[in-house]
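Hello,

Here is the structure for you to look through. Please open it first, then read the notes below.

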Amino acid sequence: MAPLITLLTSALCIWLAQLAYWLPLKRRKKYQLRFLLDLIATVPFAQVITWANSGRTTAPALIAIYIGYFLWVGISTRLCTPLDAAASAYCSVWIVLTSESIYELWRLLIWVAGRAGLQQPALTSVPMLLGQIGFTFAVCVLVRYTVARLMPDEGLYRIGPRQLLSAALLGGMFIFQFFALMSTLQNKSVGLSLVAPAFLTQLYCLTLLYLQTELFKKSAMQKEMDALNLLYERQRQQYQIARQNVQIINRKCHELKVQIADLRRLNPDAAAQNVTEAERAVQLYDATADTGNEVLDVVLTEKAMLCEAQHITLNCVADGGAVTFVEPGDLYALFSNALDQAIDAAARQMDEPRRMIDLLVCKRQGFIVINVIAPAVTETPTRTARQHHYEQKVMRRIVQKYSGTMTKENQNTLSAVKIVLPPPKP
């Protein structure tokens with residue numbers, strides 16, 4: 001019975017370390033079932049780890065087992081979270097090092113108690129195993145709400161080859177020191193002069209690994225910020241170009257209307273059908289939006305033409321006067337990004353009646369409300385998804401600039417972007 005309890009304790013401690021890093025991440029469907037199946041799969045693997053640490057294995061076998069330990073945790077992370085292969089491998093380094101650190105700290109506490117002359121039961125006794133589970137749980141909760149919560153970016157790890165290689169080297173150094181320290185702690189008569197250097201080396205490895213994570217994360221954030229700034233400025237400048245284009249189109253449409261009217265007057269019977277089709281085309285491109293806000297008119301006219309070209313129906317109820325306090329460049333970028341994403345989603349619908357977008361801009365109880373409703377899309381190509389990610393960040397930056405809120409909700413087959421802006425300060 002005692003070996004079974006020891007095995008279950010080891011499996012539970014490993015599983016708790018996994019949960020500490022998995023819970024702050026985005027989750028796959030049926031993640032609770034995946035976590036439970038992982039706990040069941042952890043039990044036989046914990047038997048291998050327990051046997052490897054018993055001192056009855058050769059050094060090459062011990063190294064091979066721990067390489068398999070990293071691989072197994074990485075595969076489990078890949079199956080239970082939406083992380084890619086590199087991010088799963090990186091997360092596995094943190095999980096293994098955390099699991100081994102907690103066990104090492106527990107053994108270190110026991111060693112210190114023994115050096116102090118305190119009586120203690122055997123390591124495999126029920127009280128000691130319960131104490132180990134409680135200690136592991138407490139440390140994992142601390143890790144989950146500190147290190148594991150701060151490292152991901154929006155519920156994901158974005159890991160490059162250099163960061164993964166560096167983490168693997170630090171993880172390898174830590175494990176070799178772990179082997180040395182566990183061998184040392186087997187002898188209660190060993191002095192602190194042998195224990196402290198190995199423990200401090202491991203602490204340095206963990207500290208370097210965390211600092212490396214923060215430095216790479218800061219570098220990635222800076223690159224993303226530069227990209228957002230570039231996109232933001234380009235879209236602000238794009239307003240002037242779009243405004244000129246709409247004005248040119250309107251002027252040309254007016255000239256064409258005059259010429260068609262002259263043609264009808266001079267020869268009303270000739271090519272009547274062609275003239276009628278030309279009139280329809282001119283009316284289409286001359287359908288300038290009139291919301292009471294020039295910037296919003298430019299955006300809606302531009303996007304209406306794009307919708308017509310892709311056979312998308314754009315339903316718009318907009319009070320342009322409600323958003324006059326927003327700077328022209330910001331207003332253009334906000335609506336342009338929102339409508340571009342909606343148009344992309346609508347264009348992917350095979351059923352033409354579903355190729356529809358609803359836009360609402362109005363005032364409610366003094367607040368400005370902007371709703372964009374479009375068909376929901378479950379799968380998006382990687383490049384398009386990345387572009388949408390940047391566009392949404394630009395939108396959030398603009399909304400935050402005006403102290404507003406922005407949410408995105410999916411309900412059944414529809415996706416809605418809801419923006420609420422407070423009234424401008426007098």
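Angles between axes under 35 degrees count as roughly parallel, over 145 as roughly antiparallel, 65 to 115 as roughly perpendicular, and the rest as oblique. Keep that for the helix pair below.

This is a predicted model: local features need pLDDT of at least 70, side-chain atom pairs count only at pLDDT 80 or more, and totals for chains, interfaces and linings use all residues. Residues are numbered from 1 along each chain as its sequence is written, and side-chain values use heavy atoms, leaving out hydrogens and water.

Confidence comes next. The mean pLDDT (the predictor's confidence in each residue, from 0 to 100) is 80 for the protein. At least 70 is reached by 79% of the residues. Confidence is lowest in helix H9 (residues 272-285), with a mean of 53. Strand E3 (residues 367-375) is highest, at 92. Helices (H or I, at least four residues) and strands (E, at least two) are DSSP runs, numbered from the N terminus.

Now the helix pair. H4 (residues 85-115) and H5 (residues 126-144) pack at about 130°, with axes 10 Å apart. Axes are lines fitted to C-alpha atoms, for helices over the stretch in contact, and angles run from 0 to 180 degrees between N-to-C directions. H4 and H5 are therefore oblique to each other. Contact (heavy atoms within 4.5 Å) involves residues including Trp106 of H4 and Cys140 of H5.

What is the relative accessible area of Cys140? It is 4%, so Cys140 is buried (under 20%; exposed is over 50%, partly exposed in between; 1.4 Å probe, protein chains only).

Best wishes
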